[in-house]
Amino acid sequence: MAILDIRKYPDTVLSKKAESVTDFNADLQQLIDDMTETLRATPTGIGLAAPQVGVSKRLAIIDLGRGTNEFSLYVIINPVLSEKEGCIETVEGCLSIPDMEARIQRYEKVRMRGLNREGRAVELDANGLLAIALQHEIDHLDGLLLINRLSPIKREFFKKRFKKTYK
Ligand code: NI
């Protein structure tokens, strides 16, 4: 396994719509294992999408237990939200925008259809933190970051602050 480099805003791979996974080969299994190790090596991350490690594929992992429980890892491939319900607002952060936290509205409950790492169809009913994490990771696969979820005024504020901090 290997710890991969996490791409940071404004890296262009983060704003591209990722392509469906079609090969469930050894390279994919290696990528999933490397992403898992990379996520668990971060101080606070609970989810990581393939574009965040420079691979524009519809693959993400979520680990709410952060490695404390072998069953806490979700591998999400070609996900589609088939049902969405309710509304919840929480503060989210993102490994690709290290200094930013933002209040974001999401669906409270979702049903996701997708594939597991062997390519078999899976369905997942999620609420609370898992539902939020799923929507956050699916946003990454669509090229959307937290800043794209902000109101236009807040987005401009973030961009100005970002330029000041990083110039
Ligand atoms: Ni993120």
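In which strand does N78 lie? N78 sits in strand β3, residues 73-85, where strands (E, at least two residues) and helices (H or I, at least four) are DSSP runs numbered from the N terminus. Welcome to a short tour of a predicted model, in which local features need pLDDT of at least 70, side-chain atom pairs count only at pLDDT 80 or more, and totals for chains, interfaces and linings use all residues. Residues are numbered from 1 along each chain as its sequence is written, and side-chain values use heavy atoms, with hydrogens and water left out.

- Beyond its neighbours within four places in sequence, H140 is in contact with L14, K16, A49, P51, Q52, C94 and L145, contact meaning heavy atoms within 4.5 Å.

**The largest pocket**

- The largest pocket holds about 500 Å³ of space.
- It is lined by 25 residues, and those closest to its centre are T44, G45, I46, G93 and C94.
- On a 1 Å grid over the protein atoms alone, a pocket is an open set of points with protein on both sides within 12 Å along at least five of seven lines, while a cavity is a set where a 1.4 Å probe fits but cannot get out; lining residues have an atom within 4 Å of a point.
- Grid points are joined across faces, edges and corners, and a volume is the space filled by probe spheres set on the points.
- Helix α2 (128-141), strand β4 (88-94) and strand β5 (97-106) each give at least two residues to the pocket lining, with the largest share, six residues, coming from α2.
- By class, the pocket lining has 12 nonpolar, nine polar and four charged residues.
- Ala, Val, Leu, Ile, Met, Phe, Trp, Tyr, Cys and Pro count as nonpolar, Asp, Glu, Lys and Arg as charged, and the others, Gly among them, as polar.

**The cavity**

- One cavity of 30 Å³ or more is present in the structure, and the largest cavity has about 30 Å³ of space.
- Three nonpolar, two polar and two charged residues make up the cavity lining.

**Backbone points to look at**

- The peptide bond joining Y9 to P10 is cis, with omega near 5 degrees, and P10 falls in the segment before α1 (26-40).
- N78 is not a glycine, yet has a positive phi of about 50 degrees.
- With a relative accessibility of 18%, N78 counts as buried.

- A60 belongs to strand β2, residues 59-63, and counts as buried at 1% relative accessibility.
- Leaving out residues up to four places away in sequence, A60 touches M35, L48, A49, Y74, V75, I76 and E137.
- A60 and Q135 are 75 residues apart along the chain, and their C-alpha atoms are separated by 11 Å.
- R161, in helix α3 (residues 152-166), is partly exposed, with a relative accessible area of 37%.
- Apart from residues up to four places away in sequence, R161 touches D99 and M100.
- A polar atom of the R161 side chain lies 3.3 Å from the backbone oxygen of D99.
- The C-alpha atoms of R161 and A41, which are 120 residues apart along the chain, are separated by 28 Å.

Key
Buried < 20%, exposed > 50% of the residue type's maximum accessible area, 1.4 Å probe, protein only. Polar contact = N/O pair within 3.5 Å; in protein donor to acceptor, adjacent residues only side chain to side chain.
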